[in-house]
Amino acid sequence: MKRPHIALLGAGLALAFTISGVTATGAAAASAPPPVPQLRWGSCVLGPDDREGQELAAAGAECAGVPVPLDYRRPQGRTLTVAISRIKATDRAHRIGALLLNDGGPGGPTIGAPPRVRAALKDVAARYDIIGMDPRFVGRSDPLDCAWPVSSGLTSAGNSRAAFDRQVALHKDLAAKCRANAGDLLPHASTRNTARDMDVIRGALGERKLNYLGVSYGTYLGTVYGQLFPGRTGRMVLDGALDPRAYGPTMLPSLIGPSEHALGDWADWTAARDATYGLGGTAAQVLAVVREVAGAAGRAPLTLGEGADTFRLDDTQVPFLLFGPLMDDGDENRGFLADTVNLLRTAAAGRPTGPLSADLAGLLRHSFTDVDSASASAQMAILCADGAAPRDPEVYWRAIEASRAEHPVFGPALNNLNPCAFWERPRERRTEVRHDVPALIVSATGDPRTPYPGAVALRGLLPSSRLVTLEGVNSHGLYGFYGNACVDENVNAYLGTGRLPRADVTCGK
């Protein structure tokens with residue numbers, strides 16, 4: 001089954017808010033809450049090529065646009081439209097309420113998720129209106145587009161000071177393009193404002209409380225909602241959970257250790273299949289090939305593919321091509337990474353790789369061209385609005401250099417700067433978790449994107465919550481995807497009954 005958009009960017013902040021959830025340090029309280037919108041439901045299909053809309057229509061979903069304030073300090077002022085979808089409950093006599101979904105990101109679209117979640121919910125699905133949402137500035141919602149020439153705000157520092165200096169110039173330029181093309185929107189891209197949008201959606205749906213299923217960054221969004229509106233939370237599932245104190249543009253270095261662990265486990269798996277992949281009969285031999293291709297990309301770009309699908313990747317790009325597939329330790333995903341490393345080795349030897357698979361060509365296109373530039377800039381705008389980053393490039397360079405010996409591939413990648421180093425300071429301060437909001441937290445011990453200690457920390461911050469742990473797994477986003485019956489049954493039991501387990505639960509692989 002295809003996974004949702006749960007690849008955390010670094011991978012999302014609350015004070016005492018008024019009833020409308022709009023006051024903040026240094027800002028006056030709004031004179032009135034935003035009006036409750038009247039929703040007009042209709043077809044989700046935008047045109048003959050809208051596959052997502054067609055899939056929603058086939059599942060019986062309908063779509064609507066929700067007007068929300070751009071600036072919650074001025075709730076009667078300029079508005080944005082947030083796009084939502086709905087599959088209505090079929091068991092109206094036992095209906096629980098609305099279940100709002102977020103598949104992560106930050107900045108990941110989720111409007112297409114209800115059919116997938118309905119399947120995961122099994123019998124419980126009939127009792128929920130399942131709601132997908134493209135958060136503000138994302139997907140079908142009113143866009144934030146910085147007109148970037150690239151589809152990612154994340155790159156590696158590469159193998160040399162010259163490569164790093166080029167990255168400094170690139171990210172400074174990306175930040176400048178956002179100020180020039182979307183400067184009026186940037187201060188309003190924060191997770192706090194998305195959480196406020198969620199409460200407008202709750203009101204528009206006529207719900208007293210909001211039930212919620214968030215994955216990856218979506219766990220941070222759910223935590224923020226719970227702190228902004230603690231009396232309005234219903235049943236909350238936080239899957240692939242983040243420590244809210246750690247989230248922000250400076251969290252990527254914390255992923256180096258988990259990513260290296262996942263890479264080592266992949267190398268073990270690949271070595272055991274040397275007859276298939278030919279990358280070496282031991283993990284050490286496989287990892288030596290990875291380091292070899294990463295080093296070769298610093299000497300000259302590696303050419304993958306042919307014809308229209310030809311891509312030239314240098315040492316600032318190759319590490320993130322390796323990083324992406326480590327999110328999931330399933331055999332299919334691991335085989336994809338092994339095939340990719342083999343292609344990189346062929347390119348490093350100066351030989352043509354031949355045509356690329358559709359999956360790899362799509363990944364490269366959406367990672368290293370401008371085809372997804374609007375999504376990438378919206379994603380970065382959210383991250384930068386949620387926290388400040390060091391502004392001195394030398395801070396990053398020192399961390400990069402200190403990490404090279406032990407982590408030659410992911411050290412320069414995850415210690416590198418990003419456009420947040422050149423961004424305006426966030427308008428509001430970070431969230432502090434002060435309200436004990438009950439939730440079911442789900443995490444794998446080897447999660448390489450939102451490391452397991454973050455889930456344990458969130459469990460401690462929310463004493464009434466419970467933690468479902470999947471042991472021995474390097475995967476991110478479990479419910480309905482990994483196929484672990486223990487995880488799925490615990491989530492469905494909670495969403496069906498509203499009762500958390502008596503104690504934390506440990507599931508085996």
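Analyst: In helix H5 of this predicted model, the buried residues are Tyr217, Gly218, Thr219, Tyr220, Leu221, Gly222, Thr223, Val224, Tyr225, Gly226, Gln227 and Leu228. That makes H5 a mostly covered helix, with 12 of its 12 residues buried. H5 spans residues 217–228 and reaches 17 Å from its first C-alpha to its last, close to the 16 Å expected at 1.5 Å a residue. As a general point, an α-helix has 3.6 residues a turn, so residues three or four places apart point the same way.

Now let us turn to the sheet. It is an open sheet of 9 strands with mixed pairing, in the order E1-E2-E4-E3-E5-E6-E9-E10-E11. Strand E1 (62–69) and strand E11 (505–507) stand at the edges with a single partner strand each, so one side of each has no neighbour in the sheet. On average, neighbouring strands here are turned by 20° against each other, direction ignored.

Within the sheet, strand E3 (residues 97–102) and strand E4 (residues 128–134) run parallel and are joined by 4 bridges. Leu99 stands opposite Ile130 in E4.

Helices lie against these strands too. Helix H2 (residues 114–121) lies across strand E2 (79–87), E3, E4 and strand E5 (210–215), and runs at about 145° to E4. Helix H16 (residues 485–497) also packs on the sheet, where it touches E3, E4, strand E6 (233–239), strand E9 (440–444), strand E10 (466–470) and E11. The direction of H16 makes about 170° with that of E6.

Note on methods. Residues are numbered from 1 along each chain as its sequence is written. This is a predicted model: local features need pLDDT of at least 70, side-chain atom pairs count only at pLDDT 80 or more; totals for chains, interfaces and linings use all residues. Side-chain values use heavy atoms; hydrogens and water are left out. Helices (H or I, at least four residues) and strands (E, at least two) are DSSP runs, numbered from the N terminus. The expected span of a helix is 1.5 Å times one less than its number of residues. Buried means under 20% relative accessible area, exposed over 50%, partly exposed in between (1.4 Å probe, protein chains only). Two strands pair if DSSP finds at least two bridges between them. Axes are lines fitted to C-alpha atoms, for helices over the stretch in contact, and angles run from 0 to 180 degrees between N-to-C directions. Contact means heavy atoms within 4.5 Å.
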